[in-house]
Number of protein chains: 2
Amino acid sequence: MSASGREMKWWGWGDPDRPSELPEHALEFLRAEVGVGEERRAVALEDAELGDPALAARARDALAAAVGAANVRDDRRTRVLHAAGKSYPDLVRQRAGHCEKAPDAVVFPGSHDEVRAVLEACAAERVAVVPFGGGTSVVGGVEPIRESFGALIALDLGRLDGLAGLDEDSLTAVLEPGLRGPEAEALLNARGYTLGHFPQSYEYASIGGYVATRSAGQASTGYGRIDELVLGLRCATPAGDLDLPAQPASAAGPGLRDLVVGSEGVFGVITQASLEVHPLPRRTVYEGWFFRSWAEGTQALRSLEQLGAAPDVARLSDEEETRLSLAMAGRTGLKARLGDVYLRARRYAGGCLAITGWEGTEEDVPVRRARGGDVLRRAGALSLGRSPGRAWAAQRYAGPYLRDALLDHGVFVETLETATSWSNLERLYEAVRSALRDTLGARDTPPLVMCHVSHLYPSGASLYFTWLARQQAGEELEQWRAAKTAACDAITTHGGTLTHHHAVGRDHAPWMRAEVGVTGLAALRAVKDELDPRGIMNPGKLLPAGGAERS
Amino acid sequence: MSASGREMKWWGWGDPDRPSELPEHALEFLRAEVGVGEERRAVALEDAELGDPALAARARDALAAAVGAANVRDDRRTRVLHAAGKSYPDLVRQRAGHCEKAPDAVVFPGSHDEVRAVLEACAAERVAVVPFGGGTSVVGGVEPIRESFGALIALDLGRLDGLAGLDEDSLTAVLEPGLRGPEAEALLNARGYTLGHFPQSYEYASIGGYVATRSAGQASTGYGRIDELVLGLRCATPAGDLDLPAQPASAAGPGLRDLVVGSEGVFGVITQASLEVHPLPRRTVYEGWFFRSWAEGTQALRSLEQLGAAPDVARLSDEEETRLSLAMAGRTGLKARLGDVYLRARRYAGGCLAITGWEGTEEDVPVRRARGGDVLRRAGALSLGRSPGRAWAAQRYAGPYLRDALLDHGVFVETLETATSWSNLERLYEAVRSALRDTLGARDTPPLVMCHVSHLYPSGASLYFTWLARQQAGEELEQWRAAKTAACDAITTHGGTLTHHHAVGRDHAPWMRAEVGVTGLAALRAVKDELDPRGIMNPGKLLPAGGAERS
């Protein structure tokens, strides 16, 4: 059992019944480009290593009193399913059966008051609490880190899965944190609305997770990031409830909503969020474009955004990502569909693929699309029509499945993302690529480094990097750490933000000092100490432990 | 000397050389509506009461060492000019010559490092610091409150008045805090850009003040509130510098920029802000509309905003404000210009005046204006053409001058503002009007209460109330306090936010608990204690003192 009842593979991504195999042509491409390793599968659940639950009887009784005995579970399956998120190191460890850190119990509260009661019990009994929504963190955000605590629980919010309110005049919905993306959309769609929030983790990520991690979705250029959609919040902290009712705007002091948004469970547990919703789009068009170069493409997206002509989805792959996309799609895929276009316009060969998506009313979409298309064409784009758009839309949530298939074949695959100003985009892009190439090259596993822009702002854009390399068997985590460290150092020393939408979790915490400075960290720690005086909330996340800070 | 060298009347608003007299027809209207009192003028500067500066020699020497002796001033004129902001109680006291609380000295730092040095000196010497930008606060934001400190300085940021950077690719400017609205616009306009931020206080308000108070301007429906324009910040706090470089977006933890925006000087001093700018509009059109009723008008504005067809300026006066505007404009003003329209369309008589403003390129403005006009007409609006728009634009910063003229004639005039969801707008509107009418009616000074909507959001809108009443001579402050208390109680118990853009200052601090709750206040106090451990920064503002909290 996990949030919304849909269980993920305990060792990988998504639906346990959905196969994820690499087609032979993709494997061939990988062999030629980066090399593949021995084929390896995850161990069986029965063989995963984990110790006995360490929860003291008194603590267990207190939790049972808080939520009912049936909602405190410590069976092997439930614990293993809450032992990790879905980062690369998580998958490496889980596939190998390393679940020693699994929580001692998983607690399923059914209401805000039950969350409060759990926090009180855990504070009294000195039990660490890891809030658990969809469990999709790729930065160690739900890693069970005990620090000095003798026991740790995962607080699974899956039972808090309601649409608690819908204000149609004000286009505002009150959603509970355990609702996952598709379930939230189903409830809203039935009333004629959408949240418009579609991260790649959408199929499993939760509303609480979106808010706690400052999530952005594939259509956030149009609908806005989650931090722009949050109007109000309810958050249970060990020190008391933070109740911030929905307001369109306010000048009543600092932005407390913005202090909770992105707090990643270290202050407390978000138990309700009031979010802007939009009328369900009546028309959606996704389409493809080709640019002669990355520079041409980024300039075109900048124009689109700064002229107020941006689409809802805007995505530009660099040359490497474009090449890989076409290769992985195979003969029956995108490449074949683009064939004649290629022939017609060979000047674009080796260029960059872009996707634009327009969502809205029957009247608005054609108008906006025509205007955006004009800007793109004037900026050098070649229209590929809707076929690449449809292909992208069909695969928009498939990436994480592919990762499992790559791991089966000993391929190191990882992503990270940042954002910066338009004027700094190229410099940051080159710095991160060089850092990854140099670091992994030096380990004799030269990578294929790819990048795309996927979120546009008037002042800048996001950069999303993916890399593939041959896995160093037996040194997977060292290899990962070297690459991650080099990339994060490059980002923070070249004007990028540490993360645009993956959040901080455990993996990025050492760079928070570089991101917000000593004084910024001190302010965050002061809030933490006030709201969570015993430090039970999600230890080891967001705020670097002493000595773990970089620069 | 004050910020940017332009000095305001020490006892009122704006240019000391600009006369502000009420025309006879306006006075007649007021006599009939609310009654007027004895004509009274402000005392002469020489007659203002203030004590000798209380700054100890050692503290004065430390400040002189920090900024140079010439930049530590304690002459009568300078102290009186920094003795108050521009709230109604401020004006009542200043006009009567009550300047006893004037700062002991006014310090003019010339750089971030000098600001740091001043804060260090003040922390060491236990001197309270009131950051002072334009000095235009209408909520007691710059009131010199000593609390337990023996001395207090105003920290005038007027020398920090540069455009420190302009990134034309990223549409981002780095502005210093002492720049006032017109000077900031002049620097940006010369380069082809605008900040697009035009609060009624624009002629004197400063960039630092905008950011510290979460300001909104008359065109913020189009350009965004200041909190939406801030990309990066530099803030000197007694505990160290907060350096938050400009980023288009980030998921690296809670929003620290949003913690500084709206902090009203209680954590530290904003010494630089990176703000989004826009290309200078090539075309601007302001025009007028009439609605049959307030309800019809608010529905029309909601449609405009939710259909994505909102203008940059959107303002709807209720029946009372419309009636007053027409009466005050007189025979040669708006009323005359609307005369024939009235005759043509008497069904609109007694209705509500609205102004829409469109700013942008030659191509965009006609398209957006046509679309917005369609929405408004379908919603029942009668077009009045550009004449009322021009009249509004010509008078957009005149309100505060009028206030001085009203005070000359013994008229109590005050404003306050809030925001709420569209679904709650009518309820809140009625609650605040009733509170003001009941409270002032009970004092035998029945008010004329007016309201306008001036900022649109998908989920709601602002409400800006103005009231006029006969001043209770000798009890001006008690009368004010009764009205203010009733209105703020009504706002916080009827779903409004305490303030939409005036900020908290001293006057709203007692309601901060109602606004953000006990836990929210505790979080803010924790940040305050961390960044300003000796409590020297702007005492008595934003955070209520113990015992001063309401509900």
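Predicted model: local features only at pLDDT ≥ 70, side-chain atom pairs only at ≥ 80, totals over all residues.
In strand β4 of chain B, I153(B) is the bridge partner of V129(B). The pairing belongs to strand β3 of chain B, residues 127-132, which runs parallel to β4(B) and is joined to it over 6 bridges.

## Burial of strand β4

How many of the residues of strand β4 of chain B are buried? The count is 6 of the 6 residues in the stretch 151-156, so the strand is largely enclosed by the rest of the structure. In a regular strand, side chains alternate between the two faces of the sheet. For β4(B), both faces are covered, with A151(B), I153(B) and L155(B) buried on one side, and L152(B), A154(B) and D156(B) buried on the other.

## N538(B) and its contacts

N538(B) is found in the segment that follows helix α19 (512-531) of chain B. With a relative accessibility of 2%, N538(B) counts as buried, because the cut-off for that class is under 20%. Leaving aside residues up to four places away in sequence, N538(B) touches V129(B), V130(B) and P131(B), together with G141(B), E264(B), G265(B) and V266(B). One of these contacts, V129(B), is the residue already described as the bridge partner of I153(B) in β4(B).

## Helices α17 and α18 of chain A

In chain A, helix α17 (residues 425-442) packs against helix α18 (residues 476-493) at an angle of about 155°, and their axes lie 9 Å apart. Angles over 145 degrees count as roughly antiparallel, and α17(A) and α18(A) are therefore assigned to that class. The crossing in which α17(A) passes α18(A) is right-handed. On the α17(A) side the contact is made by R427(A), L428(A), A431(A), V432(A), A435(A), L436(A), T439(A) and L440(A), while α18(A) contributes residues including Q479(A), A482(A), A483(A), A486(A) and A487(A).

Q472(A) lies in the loop of chain A that leads from β19 (460-470) to α18. Its relative accessibility is 15%, and Q472(A) therefore counts as buried. Not counting residues up to four places away in sequence, Q472(A) touches R443(A), T445(A) and Q479(A), and Q479(A) is also among the residues through which α18(A) meets α17(A). The C-alpha atoms of Q472(A) and F412(A) are separated by 8.1 Å, although these residues are 60 apart along the chain.

## Relation between the two chains

Two copies of a chain are related by a rotation about an axis and a shift along it. In this model, chain B is superposed on chain A by a rotation of 180° with a shift of 0.0 Å along the axis, and the RMSD is 0.0 Å. That is the relation of a two-fold axis. The C-alpha of chain B nearest this axis belongs to A526(B), at 2.8 Å from it. The same surface serves both copies, since 100% of the contact residues of chain B recur in chain A.

Note on methods:
Residues numbered from 1 in each chain as written. Chains lettered and ligands numbered in written order. Heavy atoms only, no water. Buried < 20%, exposed > 50% of the residue type's maximum accessible area, 1.4 Å probe, protein only. Helix = DSSP H or I, 4+ residues; strand = E, 2+ residues; numbered from the N terminus. Pairing = 2+ DSSP bridges. Least-squares fit on C-alpha atoms with pLDDT ≥ 70 in both. Contact = heavy atoms within 4.5 Å. Axes fitted to C-alpha atoms, helices over the stretch in contact; angles between N-to-C directions. Parallel < 35°, antiparallel > 145°, perpendicular 65-115°, else oblique. Left-handed = near helix turned anticlockwise from the far one by under 90°.
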